[in-house]
Amino acid sequence: MSGFDDPGIYYSDSFGGDASVDEGQVRKSQLQKRFKEFLRQYRVGTDRTGFTFKYRDELKRHYNLSQYWVEVEMEDLASFDEDLADYLYKQPAEHLQLLEEAAKEVADEVTRPRPSGEETLQDIQVMLRSDANAANIRSLKSDQMSHLVKIPGIIIAATPVRAKATRIAIQCRSCRNTISNIAVRPGLEGYALPRKCNTEQAGRPKCPLDPYFIMPDKCKCVDFQVLKLQESPDAVPHGEMPRHLQLYCDRYLCDKVVPGNRVTIMGIYSIKKSAQSKNRSRDNVGVGIRSAYIRVVGIQVDVEGSGHSFAGSVTPQEEEELRRLAAMPNIYETIAKSIAPSIYGSTDIKKAIACLLFGGSRKRLPDGLTRRGDINLLMLGDPGTAKSQLLKFVEKCSPIGVYTSGKGSSAAGLTASVIRDPSSRSFFMEGGAMVLADGGVVCIDEFDKMREDDRVAIHEAMEQQTISIAKAGITTTLNSRCSVLAAANSVFGRWDETKGEENIDFMPTILSRFDMIFIVKDEHNEERDMTLAKHVMSLHVSALTQTQAVEGEIELNKLKKLISFCRTKCGPRLSAAAAEKLKNRYILMRSGTRQHEQESDRRSSIPITIRQLEAIVRIAESLGKMKLQPFATEADVEEALRLFQVSTLDAAMSGSLSGAEGFTTQEDQEMLSRIEKQLKRRFAIGSQVSEHSIVQDFMRQKYPEHAIYKVLQLMMRRGEIQHRMQRKVLYRIK
């Protein structure tokens with residue numbers, strides 16, 4: 001029955017001419033018949049449980065919803081007929097067309113009779129997917145040309161959707177002769193118009209060269225979009241630039257992905273003519289050179305990776321395990337321990353980072369405003385306190401992590417930049433780090449080295465969680481719902497006790513946007529130094545041998561899953577009792593700082609505002625979220641207040657900076673240096689003096705007692721003097 005309804009022209013060739021043309025046609029119709037059989041007969045299930053015709057039902061369902069596409073699994077095709085799958089792998093361009101024709105015929109059969117007004121049959125698009133291993137962009141060589149390939153990567157740019165003609169009609173300028181229904185090959189290949197017009201009419205001059213022009217209103221068009229794929233960062237060899245590849249999508253594949261998504265592409269590796277260069281040199285070098293692109297026939301957006309957390313891919317067993325984990329009584333301590341286990345100490349900072357990773361709950365108010373649920377954290381401190389290591393770890397274990405350094409990032413790179421597309425000369429927008437990390441964490445290292453006007457660009461992203469742009473005729477607002485984890489050094493490189501407030505070189509505007517501010521000091525303490533040195537040595541000695549997780553820690557992948565699971569499944573609120581408790585404590589905190597400011601006659605550089613109250617609420621919610629509870633209890637509020645106390649309040653009071661009397665004024669500063677000079681004159685290097693007698697001496701000279709003790713403390717920190725004999729005698733070393 002093959003070719004029965006094919007309106008071919010049959011003739012007898014008495015000279016036994018060239019039959020090869022016909023053979024190709026026959027082979028095509030046979031293959032199409034096989035494809036049609038596959039779509040019509042492929043079934044899943046066994047006879048006992050009842051089976052379904054997979055593709056037939058899918059075609060019918062999609063067609064009735066006026067979605068004219070169907071997705072075919074290459075594995076199904078291979079199990080039905082090995083040769084068909086092989087043909088499709090080896091020469092996808094022509095066989096995909098046959099498959100689409102077959103799909104159209106099957107759709108015609110399963111949807112008959114169609115309602116009135118919809119009698120015309122639509123073309124069906126066939127998308128392919130396969131479970132084969134993906135190659136990578138670097139392995140695409142010339143022998144893969146026009147084969148089916150599967151490639152993972154990140155979409156970094158997308159053009160707007162445009163139209164491309166599939167069938168065109170052309171007309172001759174002079175004799176008005178039209179040729180219609182010329183098929184144009186799919187992909188980025190063009191169509192060369194014929195140079196001559198073949199109609200000869202008596203008594204008319206011959207048509208000139210290149211007489212044809214396209215009649216746009218008689219063309220059939222489809223949507224298409226060009227994407228740019230970049231290889232995923234973990235596949236790039238060290239020290240190389242990531243490679244790019246152009247993708248061409250048409251019809252239903254358009255607008256399936258947005259820049260920033262991680263995808264796996266099935267496509268035909270094809271070539272296009274490279275654009276003619278303007279200054280064509282005499283020796284035409286690029287004569288047989290073509291640039292490559294991929295004609296996409298199937299896109300899978302990865303659930304893991306950027307833009308999407310793991311939550312979609314949690315199996316029931318894993319969910320059970322994660323819920324058991326979250327129900328452990330000491331889960332908070334465990335998570336804090338599991339964060340960067342190779343870094344010793346700094347427990348409070350790790351707890352704060354755990355809160356940041358889980359995040360509070362985002363609230364939508366009835367009037368359309370939103371309150372942010374993400375926690376921002378700043379670490380200020382001495383060099384060598386493992387700040388950047390913590391940042392690197394957070395980037396690894398948050399569902400979406402972006403790591404930038406302060407000097408290397410500009411305002412446009414963090415927020416969004418407007419770029420002119422070289423081909424179409426129109427402007428389009430590319431999101432920066434804060435936009436790409438939507439739903440995750442941005443780690444900014446060397447926060448103090450950023451230029452002031454670049455730092456201002458983050459203000460809006462940190463509090464309102466949007467980025468508004470008005471550049472080059474593009475006015476828009478992008479979402480950037482991300483937490484910011486920043487690390488900075490103090491102004492003098494190290495934290496300088498005498499300078500007090502001047503160590504912090506940030507405006508109060510940006511400091512109030514951080515929920516927790518930690519001041520990390522490198523204290524001199526013999527026991528701590530000893531344990532720290534032991535810890536570091538053990539790391540260096542047994543770096544690779546200790547792969548399994550230590551008791552009481554969660555390994556990285558499970559932690560990642562737990563974080564994304566809690567973030568999607570749980571959004572706790574404060575309970576009434578906890579809210580009441582918080583209210584009272586906040587008023588105490590405000591009055592505490594006010595008193596502190598009155599005593600020292602100075603405004604603290606870290607303000608305590610209503611934002612700090614919201615910060616405590618968010619921390620409490622994130623503590624509830626770790627346990628997957630619907631409400632944050634009083635215990636959570638207690639812990640949140642404690643964390644806030646050890647971080648921001650300590651930093652704001654920074655009483656430890658310069659004695660209990662607030663901050664040192666200019667006169668105090670002079671007085672301290674006078675005392676120090678006198679002290680050094682008073683006893684030489686290597687001599688011993690009783691502490692009591694020194695203090696008495698200076699008090700006779702009308703110096704305040706706290707100032708003397710402060711100078712002694714300072715000299716001790718610098719290692720100039722030491723206590724001897726039950727801390728009664730001072731001994732000068734240098």
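Visitor: Which residues form one aromatic cluster?

Guide: One aromatic cluster is made up of Phe-38, Tyr-42, Tyr-55 and Phe-80. Bear in mind that this is a predicted model, in which local features need pLDDT of at least 70 and side-chain atom pairs count only at pLDDT 80 or more, while totals for chains, interfaces and linings use all residues. Residues are numbered from 1 along each chain as its sequence is written, and side-chain values use heavy atoms, with hydrogens and water left out.

Visitor: How many aromatic pairs are there, and what is the geometry of the pair of Tyr-42 and Tyr-55?

Guide: A pair of aromatic rings is described by the distance of the centres and the angle of the planes. Rings of Phe, Tyr and Trp (its six-membered ring) pair if their centres lie within 6.5 Å, with planes under 30 degrees apart counted as stacked, over 60 as edge-to-face and the rest as tilted. By this rule there are seven aromatic pairs. Tyr-42 and Tyr-55 form a tilted one, at 5.9 Å centre to centre and with 40° between the planes. Because Tyr-42 lies in the loop between α1 (20–41) and β1 (43–44) and Tyr-55 in helix α2 (residues 54–64), the pair ties together parts that are 13 residues apart in sequence. Here helices (H or I, at least four residues) and strands (E, at least two) are DSSP runs, numbered from the N terminus.

Visitor: Are Tyr-42 and Tyr-55 buried or exposed?

Guide: Tyr-42 and Tyr-55 are both buried, where buried means under 20% relative accessible area, exposed over 50% and partly exposed in between (1.4 Å probe, protein chains only).

Visitor: Which buried residues does helix α6 have?

Guide: An α-helix has 3.6 residues a turn, so residues three or four places apart point the same way. In α6 (residues 316–326) the buried residues are Leu-322, Leu-325 and Ala-326. They cover an arc of only 95° around the axis (taken from the directions from the helix axis to the C-beta atoms), which puts them on the same side of α6. On the other side of α6, Pro-316, Gln-317 and Arg-324 are exposed.

Visitor: What do the buried residues of α6 pack against?

Guide: They pack against α7, α15 (556–569) and α17 (610–626), contact meaning heavy atoms within 4.5 Å. Helix α7 (residues 331–338) is itself largely enclosed by the rest of the structure, because six of its eight residues are buried. Among those buried residues of α7 are Tyr-332 and Ile-335, and just after α7, Ala-340 takes a positive phi of about 45°.
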